[in-house]
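I opened a new notebook page for this model. My plan is to look up a few things and write each one down.

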Amino acid sequence: MTHTAASKPILKLMNVGKSFHKQVVLKNIHLTVQRGEVTVILGPSGCGKSTLLRCLNGLELIDEGSIRFNELELTPKGRQWQAVRERIGMVFQSYHLFPHMKVIDNILLGPLKVQKRSKAEALAQAEELLERIGLLDKRDSYPRELSGGQQQRIAIVRALCMNPEVMLFDEVTAALDPEMVKEVLEVMLQLAREGMTMIIVTHEMGFARAVADRIVFMDKGSIIEQGNPKSFFSEPQTDRAKRFLQQFYEIETWKGRDVI
Amino acid sequence: MELSGLELLLQSMPQLVKGFIQTLLIAFYSIILSTIGGILFGALQTIGLLWLNLLTRFYLELFRSIPILVWLFFVYFGLPLFFNVHLSSFTCAVLVLSLWGITEIGEVARGAFQSIARGQRDAGRSIGLSTIQLYQYILFPQALRRMIPPSINVYTRIIKTTSLTVLIGVTEVVKAGQQIIERTGEAVMIYGSLFVFYFLLCYPLSVLSRKLEKRMT
């Protein structure tokens, strides 16, 4: 994807830091995301990548630095997050659909109650989105009647129906059976092709390589490397990233029993 | 003329029924107020604001550490004395039982709200719901089901505790019974009927609560 030098970043993080009970989970994070860009955050478990994502829509609050969303400074205490959250969609590892609501009501809750849109207009959009992911026939089902992959795709639609400017994906395939991973990744890939700005935390290396405009590699709460996927995967700059990638390649090249 | 026990019971029925009705009314109002207040009280405890936690904790401890009877005396005899507020014994009874019931239902509600997966809050917030909307549309509807069986148990306790209000002069069913006994000296029949009354009122609730609980697991 190309960007003119003049384009304003949609998200700009400067020197972001966060601690939980004196344990530093994020430090010195600088990150700029352009409109339409797909950023994939990689890193070992506990490196702070999910926390970073959650800081972007105020599910966690940062202790240091600043986050700018378009022209809006997100940092000050008492920020009205509701207005920000309806413009930044988020999808979670365990879907978190509302179990007491039908699929369609899950999707319409935000548009109707938060954005106060007209029922007819929101419903039309919800149905169109469901149609696109092939789940229109599930509109009146309850989440428990759906497979994990279906639930996760509905969760993506729930976020999309708010017409967000950015979508955050927090390990959205990690809880899925392998055969359902693909159907979810396809939806995300399609979204990326349509130009959605996306920030994705994932462990799916193949997908990361395919979808990313930029890879951000984190370890111990810091960004230690970032670049385009091609160079990151073929020639990582840091030892830590090399070792991290090595783990995945090793498993891919295992043969039979001689591993032991 | 000596009356047989049964005749006596029939004769004193109107007075007993008046007492039943008083008991039922106190219990009814207290249960309604406890439920509404308790759900709010439980929700306030789970919002996660320090000053709210301290405040609710203080209120809770007041009712945990001071017997209901002392509360009844305090409100009935103390309020006129210290604040020049005069309430009827019936109002005092409902007030104290409700304030206490709020703490009990509040604990039930708090547990129910806390038992809902953390992710539901995240998901609700991430689509921009306000705190009130989050409780209204996401947490409360899910918590309600889990609240029902333990709440019914609290209701039976409220019903039974109405008997304490005798001591501030409410003529509920126990008091009515005592008056009849004083007049006639027939204790066994009257206390027996009180026994049956409370049992018939509370036992079905207790069964219902257990059934609902079983159905949910």
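Before I quote any record, I note how its annotations read: UniProt positions are given in the numbering used here, feature names are shortened, and annotations may be inferred rather than shown by experiment.

**Ground rules.** This is a predicted model, in which local features need pLDDT of at least 70 and side-chain atom pairs count only at pLDDT 80 or more, while totals for chains, interfaces and linings use all residues. Residues are numbered from 1 along each chain as its sequence is written, chains are lettered from A and ligands numbered from 1 in the order in which they are written, and side-chain values use heavy atoms, with hydrogens and water left out.

**Records first.** I looked up chain A in UniProt. The unreviewed entry lists residues 112-139 of chain A as "coiled-coil region". I then checked that span in the model. It is 61% helix and 0% strand, where helices (H or I, at least four residues) and strands (E, at least two) are DSSP runs numbered from the N terminus. Its end C-alpha atoms lie 16 Å apart. For chain B, an unreviewed UniProt entry gives "domain: ABC transmembrane type-1" for residues 20-209. I find that span to be 84% helix and 0% strand, with end C-alpha atoms 23 Å apart.

**Chain A overall.** I count nine helices and ten strands in chain A. Its C-alpha atoms fill a box of roughly 55 × 50 × 40 Å along the principal axes. The radius of gyration is taken over C-alpha atoms, and the globule rule is 2.2 Å times the number of residues to the power 0.38. For 260 residues a compact globule would come near 18 Å, and chain A agrees at 19 Å. Of these residues, 53% count as buried (under 20% relative accessible area; exposed is over 50%, partly exposed in between; 1.4 Å probe, protein chains only). I also looked at contacts (heavy atoms within 4.5 Å). Among those in chain A with a separation of 6 or more, 67% join residues 24 or more positions apart.

**The open sheet.** I traced four strands of chain A in the order E2-E1-E4-E5, with antiparallel pairing. Two strands pair if DSSP finds at least two bridges between them. E2 and strand E5 (72-73) of chain A are the edge strands, each pairing on one side only. Helix H1 (residues 49-56) of chain A packs on the sheet and touches E1, E2 and strand E4 (64-69). Its direction makes about 120° with that of E1(A), using lines fitted to C-alpha atoms, for helices over the stretch in contact, and angles from 0 to 180 degrees between N-to-C directions.

Strand E1 (residues 9-20) of chain A pairs with E2(A) over eight bridges. I noted two partners: Leu11(A) bridges to Val33(A), and Pro9(A) to Gln34(A). E1(A) and E2(A) form a hairpin with two residues between them. In the turn, His21(A) has a positive phi of about 45°.

**Leu26(A).** Is this residue buried or exposed? Leu26(A) is buried, at 1% relative accessibility. I find it in strand E2 (residues 23-34). Beyond four places in sequence, its contacts include Val16(A), Thr51(A), Cys55(A) and Met218(A). Its C-alpha atom is 7.6 Å from that of Lys220(A), 194 residues apart along the chain.

**Glu171(A).** I place this residue in the loop between strand E7 (166-170) and helix H6 (178-193) of chain A. Glu171(A) is buried, with a relative accessible area of 14%. Beyond four places in sequence, it touches Lys49(A), Ser50(A), Gln93(A), Val201(A) and His203(A).
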